[in-house]
Amino acid sequence: MNIIQATTRDIPAIANLFNQYRVFYGKPDDIELATRFIQERLSNNESVVFIARNERGDAVGFTQLYPTFSSVSAQRSWVLNDVFVLDAERGKGMGKALLNAAKTLAIETGANGLALETAPDNIGAQKLYESLGYVKDTTYFHYFLDVSSK
């Protein structure tokens, strides 16, 4: 397996995985939207994407991180927004390797940490996160105001 930081030349491979990730979460199959979204994030330096390739060089997983800042600690933080590995490649350490690449990025950029969310029923992901030292927040409630048009 090989984990690399993606560049704009990786957009087709990432967009394909990103599209499958969105479908996994119940969104319609839309490769054009996925391609446009990934193109904009990478071209505008708005996110960092790591891509996992198997021994044949096929793109089989990715993680996407967005920079943010903590006012209280006065430091950069990263939001680990997306992690996805193809079903056929799960259980081979790809997810762990992607999460470790994200951790390395956080350390190298002087961040205070990584934040992520997952569904309450995504037990497999929760076990992976906790095995890597992520701690479930039981102190704060998280809120979201949906302002998108319906």
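Predicted model: local features only at pLDDT ≥ 70, side-chain atom pairs only at ≥ 80, totals over all residues.
β1 pairs with β2 through four bridges, in the antiparallel sense. Within this pairing, isoleucine 3 is placed opposite alanine 52 of β2. β2 (residues 48–53) is joined in turn to β3 (residues 59–70) by six bridges, and these two strands also run antiparallel. Here isoleucine 51 has phenylalanine 62 of β3 as its bridge partner. β2 is mostly covered, with five of its six residues buried.

β3 and β4 are antiparallel as well, and 10 bridges join them. Threonine 63 is one of the residues in this pairing, and its bridge partner in β4 is valine 83.

## Hairpins and positive phi values

In the hairpin of β2 and β3, five residues lie between the strands, and glycine 57 in the turn has a positive phi of about 90°. The hairpin of β3 and β4 has four residues between its strands, and there alanine 74 takes a positive phi near 55°.

Most residues other than glycine have a negative phi. Alanine 74 is a residue other than glycine with a positive value. Alanine 74 sits in the loop between β3 and β4 (75–85), where its relative accessible area is 66%, so alanine 74 counts as exposed.

Asparagine 45 is another non-glycine residue with a positive phi, in this case about 50°. Asparagine 45 belongs to the loop between α2 (31–43) and β2. With a relative accessibility of 68%, asparagine 45 is exposed.

## The α1 and α2 pair

Helices α1 and α2 pack with their axes 8 Å apart, at an angle of about 120°. This angle makes α1 oblique to α2. The crossing of the two helices is right-handed.

On the α1 side, the contact is made by Ile11, Ile14, Ala15, Asn16, Phe18, Asn19 and Arg22. The residues of α2 that they meet are Ile31, Leu33, Ala34, Thr35, Phe37, Ile38, Gln39 and Leu42.

In soluble globular proteins, nonpolar side chains tend to be buried together. In this model the largest nonpolar core has 19 residues, of which Phe50, Leu65, Trp78, Leu80 and Leu105 touch the most other members. Two or more residues each come from β2, β3, β4, α3 (94–108) and α4 (123–131). α3 gives the largest share of this core, seven residues. Apart from this core lies another, of 14 residues, including Tyr21, Ala34, Ile51 and Phe84.

Is aspartate 10 buried or exposed? Aspartate 10 is placed in the loop between β1 and α1, and its relative accessibility is 8%, so aspartate 10 counts as buried, the cut-off being under 20%. Leaving aside neighbours within four places in sequence, aspartate 10 is in contact with Ile4, Gln5 and Arg53.

Valine 23 is part of helix α1 (residues 11–24). The relative accessible area of valine 23 is 39%, which makes it partly exposed. When neighbours within four places in sequence are set aside, the contacts of valine 23 are Pro28 and Asp29.

Note on methods:
Residues numbered from 1 in each chain as written. Heavy atoms only, no water. Pairing = 2+ DSSP bridges. Buried < 20%, exposed > 50% of the residue type's maximum accessible area, 1.4 Å probe, protein only. Contact = heavy atoms within 4.5 Å. Core = buried A, V, L, I, M, F, W, Y, C linked by side-chain atoms within 4.5 Å. Axes fitted to C-alpha atoms, helices over the stretch in contact; angles between N-to-C directions. Parallel < 35°, antiparallel > 145°, perpendicular 65-115°, else oblique. Left-handed = near helix turned anticlockwise from the far one by under 90°.
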